[in-house]
Amino acid sequence: MTDTETLPDPNRRNCVWRFIQILFQIFCAIWLRLRVRGKEHLPKEGALFLANHQSFLDPLLIGVHLQRPVSYLARDSLFRLPVIGWILKKTYVMSIRRESAGTESLRKSIARLEHGFYVGMFPEGTRSPDGLIGELKPGFVALTRRAKVPIVPIGIAGAFEAMPRKSLWIWPVKVRVVFGEPISVETIQELSEKGRRDEFLELVHQRLIDCHQEAEEWRTGKVAPATKS
């Protein structure tokens, strides 16, 4: 049996997802004053979500106001933890073994995208040390070449101030999330030609910067810095 045949409906949230979503919606409304913009840009079919990475809150911030689940990747060791492992299994998270992380993550992500899921990734590879967008890792390029789905750039602002690296506390600050216009399959295929990888990475990087700037300016009312110098 293939991965696709065993996957759940990508358009319906299960009870565990809905319950966590409601709790986090209440928390975000009161503590983070979260606002989201651009949901009208989201495709009806599967899509790859690429977002800047400011804190551990980011996966929840992206999915908290969506009517469909978002599937992420996580180390298989987390699935063995009491309670946490059960929650991960029930919230569409994909388990990845460290010894085969590259090929396994690619295979599982493609299966979910082709099945119609939203799959979320953070192409910086790690949380930002200063809230700005750093260099992108090229790992998602192979995925987009094979999955043939649009890319949705997402900008998150305020999550770094709410929960910076090494922080165990969530501070009460405004958070904004902006879903940008998708990068079409046609554009992705054009930029997937041999010798155009850097051009592809630059396009995605700039679209993430644009979304992050919009989110930051919406949050603060001030012009935000573009990226790291």
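**Contacts, core and pocket**

Guide: F49 touches L42, I62, L66, V70, Y118, V119, G120, M121, V152, I154 and F179, leaving out residues up to four places away in sequence; contact means heavy atoms within 4.5 Å. This is a predicted model, where local features need pLDDT of at least 70, side-chain atom pairs count only at pLDDT 80 or more, and totals for chains, interfaces and linings use all residues. Residues are numbered from 1 along each chain as its sequence is written, and side-chain values use heavy atoms, without hydrogens and water.

Visitor: How many residues does the largest nonpolar core have?

Guide: A nonpolar core is a set of buried Ala, Val, Leu, Ile, Met, Phe, Trp, Tyr and Cys residues joined through side-chain atoms within 4.5 Å. Those with the most contacts inside the largest one are F49, L61, I62, I154, F179 and V204. The number of residues in this core is 52.

Visitor: Is L32 buried or exposed?

Guide: L32 touches residues including F27, L57, L61 and W171. Buried means under 20% relative accessible area, exposed over 50%, partly exposed in between (1.4 Å probe, protein chains only). Because its relative accessible area is 0%, L32 is buried.

Visitor: What is the distance between the C-alpha atoms of L32 and T91?

Guide: Along the chain, L32 and T91 are 59 residues apart. Their C-alpha atoms are separated by 23 Å.

Visitor: How many nonpolar residues are in the lining of the largest pocket?

Guide: Ala, Val, Leu, Ile, Met, Phe, Trp, Tyr, Cys and Pro count as nonpolar, Asp, Glu, Lys and Arg as charged, and the others, Gly among them, as polar. The lining has 12 polar and five charged residues. Its nonpolar residues number 27.
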